[in-house]
Amino acid sequence: MTDEPSERLIEQRIRNRIYEILEILADCDGGVDLVGIKGYFDLFEDFVHRPSIEAGTSALSKDERAIVLEIAEFLEAACETNPDFTKAEFIESDWPARIAPTARDARTLFLRRGLFSEKIEEAEPGQPAAIAAGRWPA
């Protein structure tokens, strides 16, 4: 029988997945080539529009949350421009080139804190929650 991960651990994993998606968005046209047009939009959308992120209660810092939501606005604006973009049309539209610099900034911001553990709850990357709360493991 497997234990269900805690909400905190799920939030940590989501933050790590968002970082991976930022890598794709930061790669500009290469990111679109890697995941295709649907993947480019849907991967980010799948992780960003969560109640915890929108409410500011996720593992994202305030600054990380702000830049992630800024990227979401870029993607929404691109989609509104032409909801039926082909991959070639999207690349030609220059949207990936406009989104990539913000994605690079977000990636840098995420790496300042580092990535969270996928297996144990942490207050901050590299700081298990028990230790951060002043409770040392036995």
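How are α1 and α4 oriented relative to each other, roughly parallel or oblique? The structure is a predicted model, in which local features need pLDDT of at least 70, side-chain atom pairs count only at pLDDT 80 or more, and totals for chains, interfaces and linings use all residues. Residues are numbered from 1 along each chain as its sequence is written, and side-chain values use heavy atoms, with hydrogens and water left out.

**View 1. The crossing of α1 and α4.** The axes of α1 and helix α4 (residues 62-81) come within 12 Å and cross at roughly 50°; axes are lines fitted to C-alpha atoms, for helices over the stretch in contact, with angles from 0 to 180 degrees between N-to-C directions. The two helices, α1 and α4, are therefore oblique to each other (under 35 degrees is roughly parallel, over 145 roughly antiparallel, 65 to 115 roughly perpendicular, the rest oblique). In α1, Arg 15, Ile 18, Leu 22 and Leu 25 meet Glu 64, Val 68, Ile 71 and Leu 75 of α4, contact meaning heavy atoms within 4.5 Å.

**View 2. Glu 7 in helix α1.** Glu 7 belongs to helix α1 (residues 7-26) and is exposed, at a relative accessible area of 56% (buried is under 20%, exposed over 50%, partly exposed in between; 1.4 Å probe, protein chains only). Glu 7 and Ser 58, 51 residues apart in sequence, are separated by 9.4 Å, C-alpha to C-alpha.

View 3. Cys 28, in the loop between α1 and α2 (29-48), has phi near 55° and is buried, at 17% relative accessible area. Asp 94, in the loop between α5 (87-92) and α6 (95-113), has phi near 75° and is partly exposed, at 41%.

Methods:
Helix = DSSP H or I, 4+ residues; strand = E, 2+ residues; numbered from the N terminus.
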